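Hi,

Here is the structure I promised to pass on. Have a look at it first, and then read my notes on its charged side chains below.

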Amino acid sequence: MLTKLFLTFSLFGLTPLWANLRVVTTTEDLRSITQILGGEWVDVTSIAKGTQDPHFIEAKPSYLVAVSRADLLIAIGLELESGWLPLLIRGARQPKLMPGETGCLTVSEAITPLEIRSQADRSQGDVHPLGNPHFMADPERVFLVAELISKRLSQLDPSHTQIFSKNLTAFKKQLQEKITLWKKKLGPYKGTKVIGYHMTFNYLFKYFGFDVVGFLEPKPGIQPTAQHILSLVDTAKVQKVKLIVVESFFDPKPGQTLAERTKSKQVLIPAYVGGDEYSKTYFDWMNTVVNELEKNLK
Ligand SMILES: [Zn+2]
């Protein structure tokens, strides 16, 4: 009977009621939050690992298999995954996962991005013309992302709506408590001048009142050059930059050179959930980021 029912569901492309939703996310941040919100009723895997730069992921056949079996594909959007996700979606050949369908969720829909570029900037090859896609480091925007994900889980699996809703409330409560703690830790350092590598932590810096005065990348997506580092030495000295904050998957040498020539210090921090051994969940990761910043500012 079960086999027969399963076949019937499979034939119509529906998920049987007793099976978990199979969710594939593009990043580990999304994986962690979806896991918290879906609990035991979802099986979630992430394509990019936290130790990888999500702009540059190779569209491997194993990812294609995972996507083709998914009930729901969750992406960041704002072109973060534009180099590889469209290939996987096309290759998976699942109508329900096509952009605009219920099986495809782009969480940037929930938020207003920072740093939307003008048409003129776009023509110069900026990697994030539609706005900065690194908003998962902004706890306030994560409330909105979590609400969107929870709503979509309920749409795809209405039988567990109450559970998803309860998990969302618990997640929001925990996030609010953590925000209070993080603000307490970084509050004394408001106005600290920092230099980043890529624009990965811009939302976080803005949220906690840090002032980003430059980037090791001469332009987003372009690797640091000796000439650019030289120009940053002046900036760092004039602006009295305290920290050079570098995503741990990038080459630490340019930041090291800059730190040695100025009175600043380089700190390497995981850019995503799973970026180091301590950052297994969204909360763990944000704790690590906040603690690393605090430790190096004390
Ligand atoms: Zn980026």
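This is a predicted model: local features need pLDDT of at least 70, side-chain atom pairs count only at pLDDT 80 or more; totals for chains, interfaces and linings use all residues.

Which side chain meets Glu-28 in a salt bridge? That partner is Arg-31, with N and O 2.5 Å apart. (A salt bridge here is a side-chain nitrogen of Lys or Arg within 4 Å of a carboxyl oxygen of Asp or Glu.)

Residues are numbered from 1 along each chain as its sequence is written, and side-chain values use heavy atoms, leaving out hydrogens and water.

Back to our pair: Glu-28 and Arg-31 sit 3 residues apart in helix 2 (residues 28-38), so about one helical turn separates them. (Helices are DSSP runs of H or I, at least four residues, numbered from the N terminus.) Both residues are buried. (Buried means under 20% relative accessible area, exposed over 50%, partly exposed in between, with a 1.4 Å probe and protein chains only.)

In total, the structure holds 8 salt bridges. Another one joins Lys-172 and Glu-147, whose closest N and O atoms are 2.7 Å apart. Lys-172 is in helix 7 (residues 161-186) and Glu-147 in helix 6 (residues 139-156), so this pair ties together parts 25 residues apart in sequence. Lys-172 is partly exposed at 27%, and Glu-147 is partly exposed too, at 32%.

Then there's Lys-295 with Glu-292, at 3.0 Å. Both lie in helix 11 (residues 282-297), and Lys-295 is exposed at 52%. Finally, salt bridges with shared partners link Arg-22, Asp-71 and Lys-96 into one network.

Cheers

Methods:
Helices (H or I, at least four residues) and strands (E, at least two) are DSSP runs, numbered from the N terminus.
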